[in-house]
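Let's take a walk through the aromatic side chains of this protein.

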Amino acid sequence: MIRALSIVVATLLFAYIVFVSFYFREKRHNPRCHDLEIVVEDSLDKHFVSESDIIAILRQADLNPIDKRARKVNTNKIEAELLKNQMIARVEAYNTPSGTVKLEVTQKVPILRIMSVRGNYYVDNEGSTMPVSPRYVAHVPIATGYIEKELAITDLYKFALFLQKDEFWNDQIDQIFVHPDGETELIPRVGSHRIVLGTLDDFETKFQNLKLFYDQAIPIVGWEKYSVISLKYKNQIVCTKK
C-alpha cells in the first residue's frame, strides 16, 4: 500500500515537473503580445494616416494583436489588411522577443493633384492614385480639365515626376490644364504668361528650350512682355505679346 502510494506520488510529481517545464518553455518561446508599437514614417510632414487610424483598421478586421500569443499573431494578414488603405505605400509587421508587435508604416508620397471633371484625387510617386484627405492638403502641382485616369497615371505621372526632380521647374509650374483634345497648358508661378505645351510628347526637350528662353530672353524683355509662350511646335518657341 505504501509502495503503491509512493509510486502514485512520484508519478504525479513527475507529471507536474513535465507540465511546468513545458508551460514555462511555451511562455518563453511563445510570449503573449503585451504592446503594439506603431511607427508612421514622415508623420511630421504628411498626415494621411495616424496611429489611431491603424489601430481602428486592425480592430475592425479582428487583427489587433494585444493579448494574443506570438504564434497566433499573423503578421502577413496584418500587412495585407493595412495595404488595403490607399494612403499607405508599405507596411512591415513583426514580433519582437519582448512580446511587442511592431508596425512600420510608410505613407504614400503625392506628386500631383487631379481636380478634373472625372474626379478629385492624388497621383503618388509610384504612379498609383490615392484619395484626397480631409485632414491634410499636399502642396503639389494641380492638374485640371479633361483628365481620364489613364492619362493621370501615365503621361501626367511622368510629367509630374519630371517636375518633382527638377528644383527650378518644381518651383515654377503651379497648375496644369488639359483641354478636351489632349493639349496641355501650364500656369507658372512667376510671370503672367501661359505656357502652351501642346501634347506631353517629348516634354523634356520642350522644357530644355524653354529654359534657354528664360535664361537668354527674359532678362532682356522681362517677365511681363508676353501673354503666351507656345512650345507646341517642334524646336520652336512662339510668343504672343501682350
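A charge is said to sit over a ring if NZ of Lys or CZ of Arg is within 6 Å of the ring centre and within 35 degrees of the ring normal. In this predicted model, lysine 211 gives you an example: its charged end sits over the ring of phenylalanine 168, 5.0 Å from the ring's centre.

The structure holds 13 aromatic pairs. Start with phenylalanine 159 and phenylalanine 203, whose ring centres are 5.2 Å apart and whose planes meet at 80°, so this pair is edge-to-face. Phenylalanine 159 belongs to helix 5 (residues 155-165) and phenylalanine 203 to helix 7 (residues 203-216), so their pairing ties together parts that are 44 residues apart in sequence. Are these two buried or exposed? Phenylalanine 159 is buried, at a relative accessible area of 0%, and phenylalanine 203 counts as buried too, at 6%.

Next, look at tryptophan 169 and phenylalanine 207. They form an edge-to-face pair, with 4.6 Å from centre to centre and 85° between the planes. Tryptophan 169 lies in helix 6 (residues 167-172) while phenylalanine 207 lies in helix 7, so here the pair ties together parts that are 38 residues apart in sequence. Tryptophan 169 is buried, with a relative accessible area of 3%, and phenylalanine 207 is buried at 1%.

Finally, step back to see how these rings belong together. Ring pairs link Phe159, Phe162, Phe168, Trp169, Phe203, Phe207, Tyr214 and Trp223 into a cluster. Phe168, one of the cluster's members, is the ring that lies under the charged end of lysine 211.

Terms used. Residues numbered from 1 in each chain as written. Predicted model: local features only at pLDDT ≥ 70, side-chain atom pairs only at ≥ 80, totals over all residues. Heavy atoms only, no water. Phe/Tyr/Trp six-rings, centres within 6.5 Å; stacked < 30°, edge-to-face > 60°. Helix = DSSP H or I, 4+ residues; strand = E, 2+ residues; numbered from the N terminus. Buried < 20%, exposed > 50% of the residue type's maximum accessible area, 1.4 Å probe, protein only.
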